[in-house]
Amino acid sequence: MVDIAAQTAIDPAPPGGAVAVRLRGVTKCYRQGVRALGPLDLDVAAGEFVALLGPSGCGKSTALRLIAGLAKPSSGTVELNAHPAARRGEHAIGFVFQEPTLMPWASVRGNVALPLRLAKAPRAEIAARVDDALTRVGLRDAAEALPRELSGGMKMRVSLARALVTDPDILLMDEPFAALDEITRFRLNNDLLTLWRELRKTVIFVTHSVFESVYLSQRVIVMTPKPGRIAAEFHVASDEPRDEAFRTSVGYAAQCREVSAALARASSTEAA
Amino acid sequence: MSVARDPQTEARAAAATRLLRIALPVAVLVAVVVVWHFVVKLNDIPPYLLPGPGVVLRTLIADWPVLGASLVTTLWTTLQGFLAAAAGGIALAILFNQSRYLEYSLLPYAIILQVTPVIAIAPLLLIYLPQDTAVIACAFIVAFFPVLANTTLGLNSVDRNLAGLFQLYGASRAQTLLRLKLPAALPYMLGGLRIAGGLSLIGAVVAEIAAGSAGAGSGLAYRIAESSYRLNIPRMFAALLLLSLAGIVIYGLLALVSHLALRRWHESALGKDT
């Protein structure tokens with residue numbers, strides 16, 4: 001556990017070598033000049049699973065949009081794979097929104113194929129990749145269905161398949177499972193971990209759930225609001241596989257308690 | 001709803017509701033025609049003041065050679081005006097969506113054209129344009145605005161996150177327009193077209209009446225004006241009936257097209273229980 005005071009020193013390049021995402025002095029201001037976010041310094045290693053945890057309004061979604069290039073920082077730099085974010089390769093990023101964000105007029109296949117169609121990939125390649133992505137998320141049989149025919153969990157799986165279909169290096173997820181019921185959320189948590197173990201993508205996962213952040217990630221970054229800043233970070237220690245047994249283990253509960261405490265402490269510091 | 005009900009009872013109730021929705025307006029129609037018939041008959045009203053329903057129907061059949069040809073003329077004008085309005089409204093909406101400066105420059109005039117009563121513009125159009133073109137222009141002026149306004153609204157109501165996704169994957173303007181904005185705008189566009197169908201008929205009628213005095217027109221509205229001068233009231237009613245039927249058919253056709261285009265995915269075309 002790193003304390004609020006101690007964390008100002010930037011985490012040295014994490015184990016595993018290459019840095020996938022590097023933020024330096026990133027801020028985001030509203031039009032009125034009020035700073036909403038930062039300054040933020042963050043390194044995420046290639047293949048790492050990082051959770052950004054914090055209450056609503058702490059800027060974690062904004063941080064994700066800045067990394068994705070969907071918004072521009074007011075100051076500071078965002079680098080992806082050691083390139084400025086502005087010049088990132090087209091397929092470097094997959095993004096999963098809080099809502100499934102599907103085109104209601106297109107089939108599951110059409111929705112998942114979208115990134116490849118926009119990149120004008122050859123037809124045969126699109127078909128093969130879409131099939132592969134749908135198989136990965138367990139939706140091979142629903143390929144021709146329309147979004148309205150799917151449950152909330154299945155829609156989220158389509159969204160995930162679409163993010164994976166370009167084989168991106170970095171997967172950005174903005175509270176993707178927050179609107180789902182608990183049983184579906186647990187199942188998708190497990191499936192996401194399986195995917196991550198197989199594909200070894202860099203994942204930045206925004207959530208406001210302490211339990212979800214500890215269950216999924218290798219590192220939890222606790223953020224506080226007004227302006228959004230990093231208050232603390234934890235390396236989640238777990239040699240055991242992340243599964244239902246881990247979810248009920250003493251070690252898991254202890255780490256959740258620690259993260260919760262840090263979150264509470266950060267909030268009270270902010271209030272003072 | 002969560003209250004458990006016998007599905008058979010439910011189905012029967014739904015069928016009864018459907019039946020009522022057809023039976024009630026038909027009953028009203030029958031009642032009105034019967035009352036009309038007896039009011040004319042019992043008061044001995046002469047046909048040049050108010051013809052009974054029977055006389056109107058007989059006139060419709062007897063005058064069919066004249067009225068049928070006029071119906072075709074009016075429908076043809078309406079169709080041309082509608083197509084011009086649809087193409088013009090959609091094209092303008094797309095242009096406005098692509099260039100804000102174009103929108104700022106032209107939108108006020110589109111609104112002015114819409115709020116100025118077309119019946120007042122029609123005589124001028126008839127002076128400057130050949131008559132058939134002027135009639136189509138009238139239908140266009142009345143009908144294009146709802147298409148423009150609705151399509152513009154649709155193009156601007158794209159899901160923000162979906163737009164972000166297109167941006168993330170480096171979509172070009174054309175790709176965003178074709179794959180995102182136009183499909184998202186389709187329900188709005190079809191709503192505008194449905195209004196425009198009825199309005200282009202109104203535009204055609206207004207222009208025909210305005211042109212009536214010029215004499216060369218042969219549409220249904222011209223027949224109404226002509227019959228009015230000759231106090232041929234039964235023919236006025238017969239022509240009016242045809243115009244009204246034409247309006248109903250146009251609306252029905254466009255509603256059907258809208259339903260067929262949207263039924264697979266859009267809320268408006270889905271059953272209430274899905």
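# Exercises with Worked Solutions

With a relative accessibility of 55%, B:Tyr109 counts as exposed (buried means under 20% relative accessible area, exposed over 50% and partly exposed in between, with a 1.4 Å probe and protein chains only). The model is predicted: local features need pLDDT of at least 70, side-chain atom pairs count only at pLDDT 80 or more, and totals for chains, interfaces and linings use all residues. Residues are numbered from 1 along each chain as its sequence is written, chains are lettered from A and ligands numbered from 1 in the order in which they are written, and side-chain values use heavy atoms, with hydrogens and water left out.

## Exercise 1

Locate B:Tyr109 and state which residues form the nonpolar patch on the surface.

**Solution.** 
1. B:Tyr109 belongs to helix H4 of chain B. Helices (H or I, at least four residues) and strands (E, at least two) are DSSP runs, numbered from the N terminus.
2. The patch is formed by B:Leu95, B:Leu102, B:Leu106, B:Tyr109, B:Ile111, B:Ile112 and B:Val115. Members of a patch have over 30% relative accessible area and no salt bridge; like charges are joined within 9 Å, and nonpolar side chains (Val, Leu, Ile, Met, Phe, Trp, Tyr) within 5 Å.
3. Together these residues have about 640 Å² of accessible area (Shrake-Rupley method, 1.4 Å probe; for residues, only the protein chains shown count as cover).
4. Helix H4 of chain B, residues 100–115, gives the most to the patch, with 6 residues.

## Exercise 2

Describe how helix H9 of chain B is covered and against which helices its buried residues pack.

**Solution.** 
1. Among the buried residues are B:Tyr222, B:Arg223 and B:Glu226.
2. The packing partners in chain B are helix H3 (64–98), helix H8 (173–212) and helix H10 (233–262). A contact means heavy atoms within 4.5 Å.
3. B:Arg223 and B:Glu226 also take part in a network of salt bridges, linked with B:Asp63, B:Arg230 and B:Arg235. A salt bridge is a side-chain nitrogen of Lys or Arg within 4 Å of a carboxyl oxygen of Asp or Glu.
4. B:Leu231, which follows H9(B), has a positive phi near 55°.

## Exercise 3

For the salt bridges A:Asp43 with A:Arg24, A:Glu48 with A:Arg219 and A:Arg136 with A:Glu198, determine which parts of chain A are tied together.

**Solution.** 
1. The count over all chains is 17 salt bridges.
2. Between A:Asp43 and A:Arg24, the N to O distance is 3.1 Å. A:Asp43 lies in strand E2 (residues 35–45) and A:Arg24 in strand E1 (residues 19–29), so this pair joins parts 19 residues apart in sequence. A:Asp43 is buried at 3% relative accessibility, whereas A:Arg24 is partly exposed at 25%.
3. A:Glu48 and A:Arg219 meet at 2.6 Å, N to O. A:Glu48 is in the loop between E2 and strand E3 (49–53) and A:Arg219 in strand E9 (residues 219–224), so the parts tied together are 171 residues apart in sequence. Both A:Glu48 and A:Arg219 are buried.
4. In the pair of A:Arg136 and A:Glu198, the closest N and O atoms are 3.0 Å apart. Helix H3 (residues 123–136) holds A:Arg136 and helix H5 (residues 182–199) holds A:Glu198, so the bridge ties together parts 62 residues apart in sequence. A:Arg136 is partly exposed, with 36% relative accessibility.

## Exercise 4

Classify the aromatic pair of B:Phe144 and B:Phe145, then find which charged residues lie over A:Trp196 and A:Tyr215.

**Solution.** 
1. The whole structure contains 12 aromatic pairs over all chains. Rings of Phe, Tyr and Trp (its six-membered ring) pair if their centres lie within 6.5 Å; planes under 30 degrees apart count as stacked, over 60 as edge-to-face and the rest as tilted.
2. B:Phe144 and B:Phe145 are edge-to-face, at 6.3 Å centre to centre and 90° between the planes. Both residues are buried.
3. A:Trp196 forms one aromatic cluster with A:Phe49, A:Phe177 and A:Phe205.
4. A:Arg200 lies over the face of A:Trp196, 4.4 Å from the ring centre. A charge sits over a ring if NZ of Lys or CZ of Arg is within 6 Å of the ring centre and within 35 degrees of the ring normal.
5. The charged end of A:Arg247 is over the ring of A:Tyr215, at 3.8 Å from its centre.

## Exercise 5

Summarise the make-up of chain A and the surroundings of A:Ser107.

**Solution.** 
1. Chain A has 8 helices and 10 strands, and 52% of its 272 residues count as buried.
2. A:Ser107 is in the loop between strand E6 (93–96) and helix H2 (108–118) of chain A. Its relative accessible area of 16% makes A:Ser107 buried.
3. Leaving aside residues up to four places away in sequence, A:Ser107 touches A:Ala143, A:Glu144, A:Ala145 and A:Leu146.
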